[in-house]
Amino acid sequence: MSVRCDDKRIYVAFDDGREVSKPLLPFLREASARERRNCRITDYKTAIYWPDLDEQVGVDWILDVPEDDVLELAGFKTMIFKRS
């Protein structure tokens, strides 16, 4: 997964070749180009974090799906704990 921003949109390219874009959130519109470029993928590829801005967005926002769906697809909701 990779992320890039211009002065109007955020673009997320997924490992399977799909690219999704959304209008910038207010904190990204107000940021400098350098601050928008400085981001990293976090939380096992379920979030994007901008350390200079101390802001984060979830992939659920990018995809317009519930957060639980992203967590399940990432494998975080499939663990079953058995009592011994």
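S32 comes out as partly exposed, since its relative accessible area is 33% (buried means under 20%, exposed over 50%, and partly exposed in between, with a 1.4 Å probe and protein chains only). This is a predicted model, so to speak, in which local features need pLDDT of at least 70 and side-chain atom pairs count only at pLDDT 80 or more, while totals for chains, interfaces and linings use all residues. Residues are numbered from 1 along each chain as its sequence is written, and side-chain values use heavy atoms, with hydrogens and water left out.

S32 sits in the loop between α1 (26-29) and α2 (33-37); helices (H or I, at least four residues) and strands (E, at least two) are DSSP runs, numbered from the N terminus. From D7, 25 residues away along the chain, S32 is separated by 8.8 Å, C-alpha to C-alpha.

On to the sheet. Three strands make up an open, antiparallel sheet, ordered β4-β5-β6, where two strands pair if DSSP finds at least two bridges between them. The edges belong to β4 and β6 (55-58), and because each has a single partner strand, one side of each has no neighbour in the sheet. On average, neighbouring strands here are turned by 30 degrees against each other, direction ignored (axes are lines fitted to C-alpha atoms, for helices over the stretch in contact, and angles run from 0 to 180 degrees between N-to-C directions). Three bridges hold the antiparallel pairing of β4 with β5, and I41 stands opposite I48 in β5.

D43 counts as partly exposed because its relative accessibility is 42%, whereas Y44, at 69%, counts as exposed.

Then there is the largest pocket, with a volume of about 260 Å³. A pocket is an open set of points on a 1 Å grid over the protein atoms alone, where a 1.4 Å probe fits, with protein on both sides within 12 Å along at least five of seven lines; lining residues have an atom within 4 Å of a point. Of its 13 lining residues, F14, R18, K45, V59 and L63 are the closest to the centre. Two or more lining residues come from each of α3 (59-63) and α4 (67-73). By class, the lining divides into eight nonpolar, one polar and four charged residues (Ala, Val, Leu, Ile, Met, Phe, Trp, Tyr, Cys and Pro count as nonpolar, Asp, Glu, Lys and Arg as charged, and the others, Gly among them, as polar).

Conventions:
Points joined across faces, edges and corners; volume = space filled by probe spheres on them.
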